[in-house]
Amino acid sequence: MLKGKTALVTGSTSGIGLGIAKALAAQGADIMLNGFGDVEGPRAEIAALGVKVSHHGADMSKPAEIAAMVAACEAEFGAVDILVNNAGIQFVANIEDFPAERWDAIIAINLSSAFHTMHHALPGMRARGWGRILNIASAHGLVASAGKSAYVAAKHGIVGLTKAGALETATTGITVNAICPGWVLTPLVQKQVDARAEKDGVDGEEARKRLLGEKQPSLQFVTPDQLGGLAVFLCSSAADQVRGVAWNMDGGWVAQ
Ligand code: NAD
């Protein structure tokens with residue numbers, strides 16, 4: 001379905017971004033990966049799906065590196081047809097204890113980076129008359145939790161950015177949508193499981209149950225594969241008129 005298209009997925013060396021990159025590659029899209037840590041493993045997983053794959057190491061907190069990444073993708077693959085803004089970090093503390101530099105980093109990586117990628121990728125999408133922008137927000141783009149002020153502000157912000165982008169492109173073949181996952185057991189959440197286990201003096205399994213029990217009525221984690229399936233749908237022609245949504249896949253989290 002996506003043969004001939006190129007997807008740039010930020011933060012795709014791990015977790016949800018890698019799951020979405022694999023799902024798009026399975027549909028034939030060539031992939032530019034981005035993110036830190038092990039690159040060769042993810043690169044090999046994508047290459048095994050028979051598509052072209054590359055990696056750019058831009059730091060999503062640095063606007064000049066983001067501009068260089070979009071330019072590199074266009075130079076190497078000829079286009080950024082699908083842009084998935086996924087890179088993100090978390091930090092948990094009450095506002096009065098929240099270090100200002102952590103606030104700045106979360107706003108930069110989880111929110112402003114999506115403005116910068118869109119700013120640079122939209123002109124090419126407009127020229128080609130087709131594009132898909134998927135912003136990975138969160139259930140925290142729709143509702144809040146205590147201790148996550150910067151994350152909640154960034155994720156609500158990215159839902160707003162999604163709506164503005166959708167209106168600006170409404171008469172074109174470009175769609176802009178957000179995906180709002182609930183708990184997904186990735187390294188980002190494993191840190192919170194470990195912190196909960198330590199705080200409550202319980203093992204990892206019990207800590208996972210407690211985290212799910214507080215927020216996610218299904219009591220099951222969402223998986224990167226399931227999110228990949230939603231991303232593929234939003235890239236399909238069936239979704240041509242899905243514009244500006246913040247689509248939750250959260251085991252019932254925001255239905256409460
Ligand atoms: P993860 O920690 O597994 O992956 C994060 C990715 O972002 C990695 O590839 C990492 O290298 C990359 N990254 C981090 N900082 C970066 C930077 N400065 N520049 C470039 N890349 C950077 O996390 P995840 O759980 O897969 O999260 C992915 C996205 O999904 C995030 O935006 C997160 O907020 C969102 N999300 C996660 C959950 C969850 O439960 N895991 C729920 C809702 C939303």
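Which helices each supply at least two residues of the lining of the largest cavity? Hold that for a moment. One caveat: this is a predicted model.

Start with the space itself. The structure holds 1 cavity of 30 Å³ or more. The largest cavity takes in about 50 Å³ of space.

Now the opening question. The helices are H4, residues 100-128, and H5, residues 149-168. H4 gives the most to the lining, with 5 residues.

Among the lining residues are Ile109, Asn110, Leu111, Ser113 and Ala114. Lys155 and Ile158 are on the list too, and so is Ile136. Then come Asn85, Asn86, Ala87 and Thr10.

Let me stay with threonine 10. Where does threonine 10 lie? In the loop between strand S1, residues 6-9, and helix H1, residues 15-26. Buried or exposed? Threonine 10 has 1% relative accessibility, so threonine 10 counts as buried. The cut-off for buried is under 20%.

Next, its polar partners. A polar atom of the threonine 10 side chain sits 2.8 Å from the backbone nitrogen of asparagine 86. The side chain also reaches the backbone nitrogen of alanine 87, at 2.9 Å. Both partners, Asn86 and Ala87, line the largest cavity along with Thr10.

Finally, the wider neighbourhood. Leave aside residues within four places in sequence. Threonine 10 is then in contact with Asn34, Met60, Met69 and Val84, and also with Asn85, Asn86, Ala87 and Thr117. Of those, Asn85 is another residue of the cavity lining.

That's the tour.

How values were computed. Residues are numbered from 1 along each chain as its sequence is written. This is a predicted model: local features need pLDDT of at least 70, side-chain atom pairs count only at pLDDT 80 or more; totals for chains, interfaces and linings use all residues. Side-chain values use heavy atoms; hydrogens and water are left out. Helices (H or I, at least four residues) and strands (E, at least two) are DSSP runs, numbered from the N terminus. Buried means under 20% relative accessible area, exposed over 50%, partly exposed in between (1.4 Å probe, protein chains only). A polar contact is a pair of N or O atoms within 3.5 Å; within protein, one must be able to donate a hydrogen and the other to accept it, and residues adjacent in sequence count only if both atoms are side-chain atoms. Contact means heavy atoms within 4.5 Å. On a 1 Å grid over the protein atoms alone, a cavity is a set of points where a 1.4 Å probe fits but cannot get out, and a pocket is an open set with protein on both sides within 12 Å along at least five of seven lines; lining residues have an atom within 4 Å of a point. Grid points are joined across faces, edges and corners, and a volume is the space filled by probe spheres set on the points.
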